[in-house]
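My plan is to go from the whole to single residues.

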Amino acid sequence: RARGRAWSELAIAACLLHAAAGLPPHRHCLGPHCSPSPPPLSPPPPFPPQPPPAYNRADVECYTRGDRSDYRGLRNVTRRGFSCQRWTDQEPHAHPDGPLERPGEGVGPHNYCRAVGMIGRSCAFCYTTNPRMKWDCCDIGEPRAACPAPKPPSPPSPPPSPPSP
């Protein structure tokens, strides 16, 4: 019974995400909560949120934590070559690891590998777009001792000197 309630809440969340993005109703949207424009419960936070500090790196593939939780790279293919499903999608695989369930953990409207939830304890992974393979681990390399910061932007050039008479 608790599982059914959780999936119902997940369906409502998917419906609200689709409606907020101006997309047609999600296939899991059933019932009165899926009206074309549901009233917002509270003002939604800006989406996507501000990039996490991990993006402030010269090499976005760099991460330092042994549990891979700070990986914010752009890998979107698994070790076995499967394409990754977007974290905001529930097709072809429904899952409990969307941005509403995992705020601040790097999942969002993208399909990059992340180390979240129970599966994330063993590897950075993603849900795949292959209906026969729900999820697979991603090869993101090893953590580093430190990640280099990006180079600061160059100062603006001085304005040209006025012509001499």
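This is a predicted model: local features need pLDDT of at least 70, side-chain atom pairs count only at pLDDT 80 or more; totals for chains, interfaces and linings use all residues.

**Overall layout**

I checked the secondary structure next. The protein chain has one helix and two strands. Along the sequence the pattern reads α-β-β. Helix H1 covers 2-20 and strand E1 covers 125-127. Strand E2 covers 135-137. I then looked at burial. Of the 165 residues in the protein chain, 32% are buried. Residues 24 or more positions apart account for 58% of them.

**Salt bridges**

How many salt bridges does the model hold? I count three.

I started with Asp 59 and Arg 144. Their side chains meet in a salt bridge, with N to O at 2.8 Å. Asp 59 sits in the loop between H1 and E1, and Arg 144 in the segment after strand E2, so this pair ties together parts that are 85 residues apart in sequence. I looked up the accessibility of both partners. Asp 59 has 24% relative accessibility and counts as partly exposed. Arg 144 has 38% and also counts as partly exposed.

Next I took Arg 80 and Asp 136. The closest N and O atoms of this salt bridge are 3.1 Å apart. This pair too links distant parts of the chain: Arg 80 is in the loop between H1 and E1, Asp 136 is in strand E2, and 56 residues separate them. Asp 136 is buried, at 5%.

Then I turned to Asp 97 and Arg 102. They form a salt bridge, and their closest N and O atoms are 2.8 Å apart. Asp 97 is buried, at 4% relative accessibility.

**Asn 111**

I placed Asn 111 in the loop between H1 and E1. Why does Asn 111 count as buried? Its relative accessibility is 19%, and buried means under 20%, so Asn 111 falls in that class.

What does the side chain of Asn 111 meet? I found a polar contact with the side chain of Asn 76, at 3.5 Å. I also found the backbone oxygen of Cys 84 at 3.1 Å from a polar atom of the Asn 111 side chain. I then listed the residues that Asn 111 touches, leaving out those up to four places away in sequence. They are Arg 75, Asn 76, Cys 84, Gln 85, Arg 86 and Trp 87.

**Backbone geometry**

I finished with the backbone. Most residues other than glycine have a negative phi, and most peptide bonds are trans. I noted two entries against that background.

Arg 68 has a phi near 70 degrees, a positive value in a residue other than glycine. Arg 68 is in the loop between H1 and E1. At 15% relative accessibility, Arg 68 counts as buried.

Which peptide bond is cis? I noted the bond from Glu 91 to Pro 92, with omega near 5 degrees. Pro 92 lies in the loop between helix H1 and strand E1.

Methods:
Residues are numbered from 1 along each chain as its sequence is written. Side-chain values use heavy atoms; hydrogens and water are left out. Helices (H or I, at least four residues) and strands (E, at least two) are DSSP runs, numbered from the N terminus. Buried means under 20% relative accessible area, exposed over 50%, partly exposed in between (1.4 Å probe, protein chains only). A salt bridge is a side-chain nitrogen of Lys or Arg within 4 Å of a carboxyl oxygen of Asp or Glu. A polar contact is a pair of N or O atoms within 3.5 Å; within protein, one must be able to donate a hydrogen and the other to accept it, and residues adjacent in sequence count only if both atoms are side-chain atoms. Contact means heavy atoms within 4.5 Å.
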